[in-house]
Amino acid sequence: SSGFVTANSNLTINPSGCLTFVLTTDGDSNKGSGWEANVDCSNNTTYSIGGQIQNLCSGTMIAGINVVMTGQVSTTVQTDANGVYLFDNVPVGSTVKIRPSFDEKLLNGVSTFDLVLISKHILGITLFDSPSKYIAAAVNKSGIITAFDMVQLRNLILNKTTHFPNNTSWRFIDATYNLPTNPLGSNFPEEVDINNLTAATLVD
């Protein structure tokens with residue numbers, strides 16, 4: 001099975017703070033507690049695809065995340081109060097893509113101190129040391145971190161804008177992908193492909 005790592009595009013970059021960085025598990029006991037869909041195996045013409053989204057920092061499950069399925073079956077569900085989502089009755093043999101989506105709570109964990117930290121990174125004073133910080137600071141998704149990212153973030157903090165023109169407030173990355181420290185130059189996957197569905201599948 002596959003999984004997602006989910007990062008708020010506007011993470012608090014302050015290392016003394018709590019990064020809003022989401023990691024979900026795939027049911028493997030070696031990776032943490034997962035969630036398994038209840039599947040009626042007597043019906044072998046359809047299967048369920050489901051999972052759970054959890055906040056790595058707080059351990060809480062995240063409700064209200066849109067999870068979009070496209071391909072031979074197209075539909076959207078939301079995670080419930082326990083962070084669980086479930087696509088029922090997906091026909092056997094289906095080829096689909098699963099992509100979480102969330103573009104709300106843009107100021108979650110954001111402060112003016114983030115601008116200071118981005119400035120220090122740009123000037124080479126204190127470089128970011130984790131993929132989540134690079135992704136968080138790359139507000140305009142240009143592939144590099146520049147003063148233009150600071151401008152867009154400042155406009156958000158000052159309530160001059162309510163959205164990012166070229167980005168969403170949260171990014172979702174396939175958890176099986178090995179992110180480098182600076183992932184901005186890599187085409188990291190933000191959806192999971194399921195080809196020829198033959199079993200109940202966890203995509204967390």
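Reader: In which sense do strand β4 and strand β5 pair, and over how many bridges?

Author: This is a predicted model, in which local features need pLDDT of at least 70, side-chain atom pairs count only at pLDDT 80 or more, and totals for chains, interfaces and linings use all residues. Residues are numbered from 1 along each chain as its sequence is written, and side-chain values use heavy atoms, leaving out hydrogens and water. Strands (E, at least two residues) and helices (H or I, at least four) are DSSP runs numbered from the N terminus, and two strands pair if DSSP finds at least two bridges between them. Here β4 (residues 66-71) and β5 (residues 75-78) pair in the antiparallel sense over four bridges. N66 has Q78 in β5 as its bridge partner, and a hairpin of three residues joins β4 to β5.

Reader: Is S48 buried or exposed?

Author: Buried means under 20% relative accessible area, exposed over 50%, and partly exposed in between, with a 1.4 Å probe and protein chains only. S48, found in strand β3 (residues 46-52), is buried at 6%. Its side chain joins that of D88 in a polar contact of 3.1 Å. Such a contact is a pair of N or O atoms within 3.5 Å; within protein, one must be able to donate a hydrogen and the other to accept it, and residues adjacent in sequence count only if both atoms are side-chain atoms.

Reader: Which residues of helix α3 are buried?

Author: An α-helix has 3.6 residues a turn, so residues three or four places apart point the same way. In α3 (residues 147-157), the buried residues are D149, M150, Q152, L153 and L156. They cover an arc of only 165° around the axis (taken from the directions from the helix axis to the C-beta atoms), which puts them on the same side of α3. These buried residues pack against α1 (112-122) and α2 (131-137), contact meaning heavy atoms within 4.5 Å.

Reader: Which residues touch the most other members of the largest nonpolar core?

Author: A nonpolar core is a set of buried Ala, Val, Leu, Ile, Met, Phe, Trp, Tyr and Cys residues joined through side-chain atoms within 4.5 Å. Of the 15 residues in the largest one, I118, F128, I145, L153 and F164 touch the most other members. The largest share of this core, three residues, comes from α3.
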